[in-house]
Amino acid sequence: MAARTKRTTNTSAESDVRMAPENIQDGAMESIKQEKVVAENKENTITIPVSKYEQMLEALTAFISEQAKAGSSSENKKIQRDEYIEVISLTPMLVTVTANAAGGSGREYNFKGFGVSIEIPYADLANIVQKHFKFFEKGYLYVNDARFTKTNGLDQITSKILTKEQIEVIIYGDNQSSLALFEKGTTSQKNIIASMLIKELVENKDIDMNKIKKISDFVGFDLNQRAEEFKEILEEIKNK
């Protein structure tokens, strides 16, 4: 028996099923199948037959499934020796690493500040990791490729290091989320983040002073006091 088509009304007795995004969960499909789905778009009301809605939902589910498989396939794809691997600096300081001529190109790579990203050939990076292992262990440099870290024994180290995005949350985010992330960082990263916050204070940036106080207590020195000392030094240099 074909489903009846009914004009939607604004009365409380309407029998159509109105489907908002937040309702598409926890058994809502049963109520959808009763008659049809009505989707509202601003002042217009669009009536969608149940059969058409189910086709759209199936297509969307299939698309999400394919995307998930593609992501998984990408992570599990064997890394090639001629690939370029992204390395990101997590410190505002200059970091220079060199690949040995034996086993590498002998090339020098300069990371000139926080967030600087360089694509490095696999052979060079494998050589650099062996030569400058401490830079990766302390969180100065971050290899942004799970395949490489797993192949070269960095996965355990990388899992303990705050990412660029997490550090930015600590510097620019709210008090609560900042402190929760800060506690997870390595000792070296905590010191780096403290220096970055001091720089923000020296430049008179708008920053939550409660966050500054709590991080000061955590690292054992007053970030605001250090910032004031730097300001005095800069003023003296300026007046010479």
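1. Thr187 is exposed, with a relative accessible area of 61%. The model is a predicted one.

2. Thr187 belongs to helix H9, which covers residues 187-202. Its C-alpha is 9.3 Å from that of Gly139, although 48 residues separate Thr187 and Gly139 in sequence.

3. Helix H9 also matters for the count of core residues. The largest nonpolar core has 46 residues, and Phe111, Leu125, Phe136 and Phe148 touch the most other members. H9 gives this core its largest share, eight residues.

4. Take Phe136 from that group. Neighbours within four places in sequence set aside, Phe136 is in contact with Val87, Leu125, Ile128, Val129, Leu141, Val143, Leu154, Ile157 and Ile161. Phe136 also lines the largest cavity.

5. How many cavities of 30 Å³ or more does a search of the whole structure find? There is one. The largest cavity holds about 30 Å³ of space.

6. The lining of the largest cavity consists of Phe136, Leu141, Tyr142, Val143, Leu154, Ile157, Thr158 and Ile161. Seven of these residues are nonpolar, one is polar and none is charged.

7. E8 provides the largest share, three residues.

Technical notes: Residues are numbered from 1 along each chain as its sequence is written. This is a predicted model: local features need pLDDT of at least 70, side-chain atom pairs count only at pLDDT 80 or more; totals for chains, interfaces and linings use all residues. Side-chain values use heavy atoms; hydrogens and water are left out. Helices (H or I, at least four residues) and strands (E, at least two) are DSSP runs, numbered from the N terminus. Buried means under 20% relative accessible area, exposed over 50%, partly exposed in between (1.4 Å probe, protein chains only). On a 1 Å grid over the protein atoms alone, a cavity is a set of points where a 1.4 Å probe fits but cannot get out, and a pocket is an open set with protein on both sides within 12 Å along at least five of seven lines; lining residues have an atom within 4 Å of a point. Grid points are joined across faces, edges and corners, and a volume is the space filled by probe spheres set on the points. Ala, Val, Leu, Ile, Met, Phe, Trp, Tyr, Cys and Pro count as nonpolar, Asp, Glu, Lys and Arg as charged, and the others, Gly among them, as polar. A nonpolar core is a set of buried Ala, Val, Leu, Ile, Met, Phe, Trp, Tyr and Cys residues joined through side-chain atoms within 4.5 Å. Contact means heavy atoms within 4.5 Å.
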